[in-house]
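Subject: Structure handover

Hello,

Please find below the structure I said I would pass on. My notes on what was found in it follow directly after.

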Amino acid sequence: MSNTEKPDEAGDLTPEERRRLETWKAPDPPPGFSAQVVTRARVHQAPAPSRTTAPLSRAERERRRRRRSAAAAVLGGVAVSGGGGFVAWQAAVAQAAGTSHAMTIYLAALAFGGVLLIASLVGGHGHADHDAGHADGHDGDHDHGADADSAAHAALVLPFLSLRFWIFGLTFFGLTGAILHGFGLAGPLATAIIASVMGLGMGYGAAQVFQTLARQTVGQIAADGGHVGREGKLLLPTARGQRGKMRVVVNGVATDLLTETDEEKPLPAGTAVLIVGMRGTVAVIERSPTSNHPTEQGDEP
Amino acid sequence: MEDRAEDRVPPGRGELDDLTLARARAGDEQALTALVDRYQRRVYALVTRMLVGRPQQVEDLAQEVFVKVLVGLPRFDPRGPAKLSSWILTVATRACLDVLKAKRPQTQEVPDSLPATSDPEGETAHRQMGRRVEAAMAELSEDMRAVIVLRAYHDFDYDEIAAALGIEVGTVKSRLGRARLALKEVLEGEP
């Protein structure tokens, strides 16, 4: 394509139209633009400091996905056969020896599940699903969003691997059984079936809900990884071991981020800083190499 | 007024020399800086015109464009059909369209200050015309604006525009024709 071969159809711009269009001037890039760009590109290509393991290859992700499938199938089989056996056993116990043993089991399940549930709600936010969160081999810092198939697959099988599934399942199994049995609202077999269904349903539902919430949080963190390479201004001083706060402007929207630094010297408020990595939602910063130039931040907060 | 021919250097001219390009593709920082220096005005001008009414986003997006360019540079084939400038401006155009199609601004800002010059009377008329063009361009759809910006300010030919936007040459012509029609008052009326 040569520029001497420009089309000259009737639809093309005339010289007069070009002259008029060219009256609209565009501004020059700001000083230090190229230095900022090169720094940002370099940081983008460098591994984030919080990353402790290399990203998984596609083949490795596929192997892990298969292993998870196999584990889920085994666990699912155990759960289904165990549940069916349990219901049959409950019915047999209820018919052979009265209902007191069944009530003991319901109350034991309720007590065990209830204590764990209260403990996880009061003191252990997020801990009850660590097994689910890590079962896929992700460490929270990489590969999120890179393997959507794997994430969708995990959503189906991970509830059975989750401690929350068992906590909620036992609690609601015990609660339902105890109420139905204690008040004589259903026969022994019907009580066992209803309690089992309730336990399975509530356990699966709870695990799914918490897993979805966890994925959304991880997605937010992964998206925040896009801040790496951006520059902003420090709002609160930051030093090694002392968190601060910075403001970065992305597409005209100001976002405040907590900050950490590994630099020797403390960074005072107002310093132009460069985000070199993310530790969760905390930005790891350094003094900007272009700090003698105005940043995109510009104004004081 | 200053002649700002550099931001409309035709693709294929004013290209980075082969040696610097090779060094840049190998990650040499000086060469990367030279590359950005060479093309920054063209990219900045394109982004400014595509994002008319969103001046606060221009610098950030221009930086993102160059980050994409520098990160993707090893994949650029210097012996391929596209010149480096065409490739970079294509990356810039697509990045602008992604932003424009993702989110529309609630308000549009048209700056009222332009650099002062030594010819106050002539320049006042020139500046006013520039503002009218800017306002009229802001009214165009992003697809039509992309075509006319590449054609008028960066001298892309129809084939290059079609390749940059992933559309047929016939579509390029029809969009250009509709853009000219929409800009008729500015392009043909009283200066």
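Chain A has 8 helices and 5 strands. Read from the N terminus, its elements run α-α-α-α-α-α-α-α-β-β-β-β-β. Of the 301 residues in chain A, 32% count as buried. Among the contacts in chain A with a separation of 6 or more, 69% are between residues 24 or more positions apart.

Please keep in mind that this is a predicted model. It scores ipTM 0.78 and pTM 0.49. For chain B the average pLDDT is 82, and 81% of the residues score at least 70. Residues 1–6 of chain B have a pLDDT below 50, and this stretch has 5 contacts in the model beyond near neighbours in sequence. Residues 112–116 of chain B also stay under 50, with 3 contacts beyond four places in sequence. Where pLDDT is low, the predicted coordinates should not be read in detail.

Chain B contains 9 helices and 0 strands, so its elements, taken from the N terminus, are written α-α-α-α-α-α-α-α-α. Chain B has 191 residues, and buried residues make up 41% of them. Of the contacts in chain B with a separation of 6 or more, 71% come from residues 24 or more positions apart.

Next, the nonpolar cores. The largest one has 60 residues, and the members that touch the most others are B:Val43, B:Val47, B:Val65, B:Phe66, B:Ala92 and B:Val147. Helix H2 of chain B, residues 29–50, gives the most to this core, with 11 residues. A second, separate core has 21 residues, including A:Ala109, A:Phe165, A:Phe173 and A:Leu175. To return to B:Val65, its contacts are B:Val43, B:Val47, B:Val91, B:Ala92 and B:Ala95, leaving out residues up to four places away in sequence.

Where the two chains meet, 45 residues of chain B are in contact with 35 residues of chain A. On the chain B side, the elements that give two or more residues are H2, H3 (55–72), H5 (120–139), H6, H7, H8 (169–182) and H9 (184–188). H2(B) gives the most to this side, with 11 residues. By class, the chain B residues that touch chain A divide into 19 nonpolar, 10 polar and 16 charged.

H2(B) also packs against H6(B), at an angle of about 145° and with the axes 10 Å apart. The crossing of H2(B) and H6(B) is right-handed. From H2(B), the residues in this contact are B:Arg42, B:Ala45, B:Leu46, B:Arg49 and B:Met50, and from H6(B) they are B:Arg145, B:Ala146, B:Val149, B:Tyr153 and B:His154. Sorted by class, the contact of H2(B) with H6(B) has 6 nonpolar, 1 polar and 3 charged residues.

Most residues other than glycine have a negative phi. B:Asp155 is not a glycine, yet has a positive phi of about 55°. B:Asp155 is found in the loop between helix H6 (142–154) and helix H7 (158–165) of chain B. Is B:Asp155 buried, exposed or partly exposed? B:Asp155 counts as partly exposed because it has 17 C-beta neighbours inside 10 Å, and being buried would take 20 or more.

B:Gly170 counts as exposed, because it has 10 C-beta neighbours inside 10 Å. B:Val172, with 26 other C-beta atoms within 10 Å, is buried.

B:Gly170 is 12 residues from B:Tyr158 along the chain, and their C-alpha atoms are separated by 8.8 Å. B:Val172 is 14 residues from B:Tyr158, with 6.5 Å between the C-alpha atoms. Apart from neighbours within four places in sequence, B:Val172 is in contact with B:Val147, B:Tyr158, B:Ile161, B:Ala162 and B:Ile167. One of these, B:Val147, was named above among the residues of the largest nonpolar core that touch the most other members.

Regards

Methods:
Residues numbered from 1 in each chain as written. Chains lettered and ligands numbered in written order. Predicted model: local features only at pLDDT ≥ 70, side-chain atom pairs only at ≥ 80, totals over all residues. pLDDT = per-residue confidence, 0-100. Contact = placed C-beta atoms within 7 Å. Helix = DSSP H or I, 4+ residues; strand = E, 2+ residues; numbered from the N terminus. Buried ≥ 20, exposed ≤ 12 C-beta atoms within 10 Å, placed from the backbone. Core = buried A, V, L, I, M, F, W, Y, C linked by C-beta atoms within 7 Å. Nonpolar A, V, L, I, M, F, W, Y, C, P; charged D, E, K, R; others polar. Axes fitted to C-alpha atoms, helices over the stretch in contact; angles between N-to-C directions. Left-handed = near helix turned anticlockwise from the far one by under 90°.
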